Every structure is written in structure tokens, then in C-alpha cells.
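This report concerns a single structural model and the surroundings of a few selected residues. The sequence and structure are shown first.

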Amino acid sequence: MKRSAPDSNAPHEVDFQHIPTGGFFAECTQPNRQSAEEFALAKLVSLGEDPDEAAHAVALAGYTAADARTYAVRIYPTRTAIPPQ
């Protein structure tokens with residue numbers, strides 16, 4: 001059975017991990033993958049990550065956290081549907 005790619009227009013969850021402690025924090029839902037990536041990039045840079053490393057981590061982020069340097073990020077489609085408004 002072939003798996004379909006995640007819907008990039010669906011709402012996406014974003015959360016961050018502090019790599020030295022392994023703790024996750026700042027979980028939120030964004031309206032789509034693009035918004036989630038923009039939010040994640042801005043957050044990682046505001047936490048002091050190098051913009052190039054942060055951008056690379058954001059591009060790779062999925063259900064598994066992608067590492068920048070001190071922080072990692074996960075970006076994945078929500079598991080619950082949000083009805084259109």
C-alpha cells in the first residue's frame with residue numbers, strides 16, 4: 001500500500017527541544033506547513049541559533065526532531081482535524 005505525502009495545507013504542530021536536557025517546550029499549532037516553518041525559524045533564531053543551521057533544521061523537521069545546535073524542532077501535521085471556518 002502506497003502512503004500519501006502529508007498535506008502541507010493542513011494545520012501543523014510545532015514544538016522545540018532543548019538538546020542538552022531533552023526537554024520539549026513551546027508546542028503550538030500553525031495553519032499550514034509554510035506558517036509552521038516560518039514560526040519555527042523565527043523562534044530558533046530568537047533562541048540564538050545560527051540562521052543557516054536553523055533553516056536547515058526547519059527544512060528537515062518532521063515527526064522526529066531535527067537538530068540545529070542547542071535546540072531541535074519538530075513540525076508535523078496535526079492528528080485532529082480542525083473544521084474549516
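Leaving aside neighbours within four places in sequence, which residues is V58 in contact with?

## Contacts of V58

The model discussed here is predicted. In this model, V58 is in contact with R33, E37, A40, L41, L44, V73 and I75, its neighbours within four places in sequence being left aside.

## The largest nonpolar core

The largest nonpolar core has 15 residues, of which V14, F16, A40, L44, V58, V73 and I75 touch the most other members. At least two residues of this core come from each of β1, α1 (33-46), α2 (51-60) and β4 (71-77). In soluble globular proteins, nonpolar side chains tend to be buried together.

## F16 in strand β1

F16 belongs to strand β1, which covers residues 12-18. F16 has a relative accessible area of 0% and is therefore buried, the cut-off being under 20%.

Beyond the neighbours within four places in sequence, F16 is in contact with G23, F24, F25, A26, F39, A40, K43, L44, A72 and V73. A40 lies 24 residues from F16 along the chain, and 8.3 Å separates the C-alpha atoms of the two.

## D15 in strand β1

D15 is also placed in strand β1. With a relative accessible area of 3%, D15 is buried. The D15 side chain makes a polar contact with the side chain of R74, at 2.7 Å.

R74 is also among the contacts of D15 counted outside four places in sequence; the others are F24, F25, A26, E27, A72, V73 and Y76.

Note on methods: Residues are numbered from 1 along each chain as its sequence is written. This is a predicted model: local features need pLDDT of at least 70, side-chain atom pairs count only at pLDDT 80 or more; totals for chains, interfaces and linings use all residues. Side-chain values use heavy atoms; hydrogens and water are left out. Helices (H or I, at least four residues) and strands (E, at least two) are DSSP runs, numbered from the N terminus. Buried means under 20% relative accessible area, exposed over 50%, partly exposed in between (1.4 Å probe, protein chains only). Contact means heavy atoms within 4.5 Å. A polar contact is a pair of N or O atoms within 3.5 Å; within protein, one must be able to donate a hydrogen and the other to accept it, and residues adjacent in sequence count only if both atoms are side-chain atoms. A nonpolar core is a set of buried Ala, Val, Leu, Ile, Met, Phe, Trp, Tyr and Cys residues joined through side-chain atoms within 4.5 Å.
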